Amino acid sequence: MASADTSPSQCKEERNLLVNACRPVLYGQNPSADCCQRVRVSHVECVCPYVSTKTAAIIEVLGVPKAVKKIEGCGRTVPRKFKCGSITTP
């Protein structure tokens with residue numbers, strides 16, 4: 001489910017880069033400059049379909065509002081009541 005200008009292989013690469021750059025955030029660390037860059041450029045249509053219930057459970061431990069704050073701190077707007085995989089933002 002990629003956008004017209006993003007191939008499935010490009011989406012997979014985007015997801016891998018985002019996960020690798022931002023993994024420490026799931027363990028309570030602040031996002032690095034590399035993580036923030038990935039957050040700003042990653043396509044939601046590449047990432048959201050892969051936010052499983054398992055991933056959502058990890059994010060729930062961090063707290064969705066806190067996760068949204070970290071994403072917005074990187075310069076990416078997160079709409080209210082936005083559904084991304086198994087998560088809906090407050």
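A residue is called buried when its relative accessible area is under 20%, exposed when it is over 50%, and partly exposed in between (1.4 Å probe, protein chains only). The model on your screen is predicted, so local features need pLDDT of at least 70 and side-chain atom pairs count only at pLDDT 80 or more, while totals for chains, interfaces and linings use all residues. Residues are numbered from 1 along each chain as its sequence is written, and side-chain values use heavy atoms, with hydrogens and water left out.

**Stop one: K81.** Select K81, in the loop between helix 5 and strand 1 (83–84); helices (H or I, at least four residues) and strands (E, at least two) are DSSP runs, numbered from the N terminus. K81 counts as exposed because its relative accessibility is 59%. K81 is not a glycine, yet its phi is positive, about 60°. Most residues other than glycine have a negative phi.

**Stop two: R38.** Move to helix 2 (residues 33–41), where R38 sits. R38 is buried but has no salt bridge (a side-chain nitrogen of Lys or Arg within 4 Å of a carboxyl oxygen of Asp or Glu). The nearest side chain of opposite charge, E14, is 5.3 Å away. Leaving aside neighbours within four places in sequence, R38 is in contact with E14, L17, L18 and A21 (heavy atoms within 4.5 Å).

**Stop three: the lining of the largest pocket.** By class, this lining has 27 nonpolar, 5 polar and 5 charged residues; Ala, Val, Leu, Ile, Met, Phe, Trp, Tyr, Cys and Pro count as nonpolar, Asp, Glu, Lys and Arg as charged, and the others, Gly among them, as polar.

Conventions. Lys, Arg positive; Asp, Glu negative; His and termini not counted.
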